[in-house]
Amino acid sequence: MFICICNAIRECELRAAAREHAGDADAVYEQLGKRPQCGSCLDEATLILLEARGEVPEVAPTTGQPALSV
Ligand code: FES
């Protein structure tokens with residue numbers, strides 16, 4: 001699934017990058033050779049980075065939604 005449409009960044013790419021690169025979504029995008037454009041993906045990208053690093057639970061057990069908002 002594409003997380004960032006502007007840069008064609010897939011969720012699996014973000015998860016792999018989260019394990020290789022520190023920093024927020026902007027920093028990880030830069031490591032991938034990309035730059036945020038519209039910015040609409042950044043909240044979701046941040047959650048994915050945190051999840052991939054084990055910094056937040058994947059989803060809330062009752063709602064199926066991300067457990068924390070950023
Ligand atoms: S969807 Fe990621 S910058 Fe636009």
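Biologist: What should I know before reading anything off it?

Modeller: This is a predicted model, so local features need pLDDT of at least 70 and side-chain atom pairs count only at pLDDT 80 or more, while totals for chains, interfaces and linings use all residues. Residues are numbered from 1 along each chain as its sequence is written.

Biologist: OK, how many helices and strands does the chain have?

Modeller: The chain has three helices and two strands, and along the sequence they follow the pattern β-β-α-α-α. Helices (H or I, at least four residues) and strands (E, at least two) are DSSP runs, numbered from the N terminus.

Biologist: And what share of the residues is buried?

Modeller: Of the 70 residues in the chain, 20% count as buried. A residue is buried if 20 or more other C-beta atoms lie within 10 Å of its own, exposed if 12 or fewer, and partly exposed in between, with C-beta atoms placed from the backbone.

Biologist: Let's look at α1, then. Which residues are buried there?

Modeller: Helix α1 covers residues 11–20, and L14, A17 and A18 are its buried residues. Seen down the axis of α1, they fall within an arc of 110° (taken from the directions from the helix axis to the C-beta atoms), so they line one face of the helix.

Biologist: What is on the face turned away, and what covers the buried one?

Modeller: The face of α1 turned away from its buried side carries the exposed residues C12, R19 and E20. The cover over the buried residues of α1 includes β1 (2–4), β2 (9–10), α2 (25–31) and α3 (42–52).

Biologist: How do α1 and α3 cross?

Modeller: Their axes, which are lines fitted to C-alpha atoms over the stretch in contact, with angles running from 0 to 180 degrees between N-to-C directions, come within 8 Å and cross at roughly 50°. That makes α1 oblique to α3, because angles under 35 degrees count as roughly parallel, over 145 as roughly antiparallel, 65 to 115 as roughly perpendicular and the rest as oblique.

Biologist: Which residues meet there?

Modeller: From α1, E11, L14, R15, A18 and R19 meet A45, I48, L49 and A52 of α3, where a contact means C-beta atoms, placed from the backbone, within 7 Å. These residues divide into six nonpolar, no polar and three charged. Ala, Val, Leu, Ile, Met, Phe, Trp, Tyr, Cys and Pro count as nonpolar, Asp, Glu, Lys and Arg as charged, and the others, Gly among them, as polar.

Biologist: And which residues are buried in α3?

Modeller: In α3 the buried residues are A45, L47, I48 and L49, and they pack against β1, α1 and α2. G54, which follows α3, has a positive phi near 75°.

Terms used: Two residues are in contact if their C-beta atoms, placed from the backbone, lie within 7 Å.
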